[in-house]
Amino acid sequence: MKRALVVWGGLELHEPEVGAHVVRQLLEQDGFAVTVTGDYAALGAEGVGDYDLIVPQITGGELDRETSIRFCAAIEAGTGLAAFHHGLATSFQSNARIRFLAGCTFATHPGDISTYRGDPKVLHDPIMAGSAPFEHTSEQYYMHVDPSVEVLATTTFSGEHAAWKRNVQMPVVFKSTYGKARLFYTALGHKPAELDKPEIRTILHRGLLWAAR
């Protein structure tokens, strides 16, 4: 049986514990044994590398050096890593080791809540197969993204709230590797209720399964 660790915390606006249990439910459908905790120390606990997947649902926060090293080492050795919205993009933002691991760093969301389009780019990929462009009303994340990631879907900024960023195409779903591990990220899902939208839920569910060892 595959095992997953979901760690939640930080800004309550994002409802991280609720989001963590959405992830738990998705993974349990596929037979995973899932541990959900609000204790960041779990990311560097003894045996963390035995998990097949780790999903951080954390906004901000601090992670000490030794925990960071053990966490990153577990991923590099093959434990999969996946997250949505604030997970990874905003997790432990002052931690350079985690920023290198994450592949993306949240910068802002011009206009706060707005309606924008998601555009699938790699339809032959198992995560995006059958996907079509879709509209979504939420935070449109502007991020700094590692150029080595494989972009699976983008969103285009209209310039309405930051005219100088008009027509910028920003990754909204991507996958990557870190050492022997697979990494999946989607910027969709500001609130857990947004994950009820079929196209968003499907992308997240497939991404979790793809990333798992």
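The model under discussion is a predicted one. Its C-alpha trace extends over about 50 × 35 × 30 Å along the principal axes of the protein. The secondary structure consists of five helices and 11 strands.

The contacts within the chain may be considered next. Of the 213 residues, 54% count as buried, where buried denotes under 20% relative accessible area.

In soluble globular proteins, nonpolar side chains tend to be buried together. In this model, the largest nonpolar core comprises 67 residues, and those with the most contacts inside it are Leu53, Ile54, Phe71, Val173, Phe184, Tyr185 and Leu208. The element that gives the most to this core is helix α5, spanning residues 198-211, with six residues.

Leu208 illustrates how one of these core residues is surrounded. When its neighbours within four places in sequence are set aside, Leu208 is in contact with Val23, Leu26, Leu27, Leu53, Val55, Ala82 and Phe184. Two of these partners, Leu53 and Phe184, are themselves listed with Leu208 among the residues that have the most contacts inside the core.

The protein carries 19 positive and 24 negative charges, whose mean positions are 6 Å apart.

Notes. Residues numbered from 1 in each chain as written. Predicted model: local features only at pLDDT ≥ 70, side-chain atom pairs only at ≥ 80, totals over all residues. Heavy atoms only, no water. Core = buried A, V, L, I, M, F, W, Y, C linked by side-chain atoms within 4.5 Å. Buried < 20%, exposed > 50% of the residue type's maximum accessible area, 1.4 Å probe, protein only. Helix = DSSP H or I, 4+ residues; strand = E, 2+ residues; numbered from the N terminus. Contact = heavy atoms within 4.5 Å. Lys, Arg positive; Asp, Glu negative; His and termini not counted. Charge placed at Lys NZ, Arg CZ, Asp CG, Glu CD.
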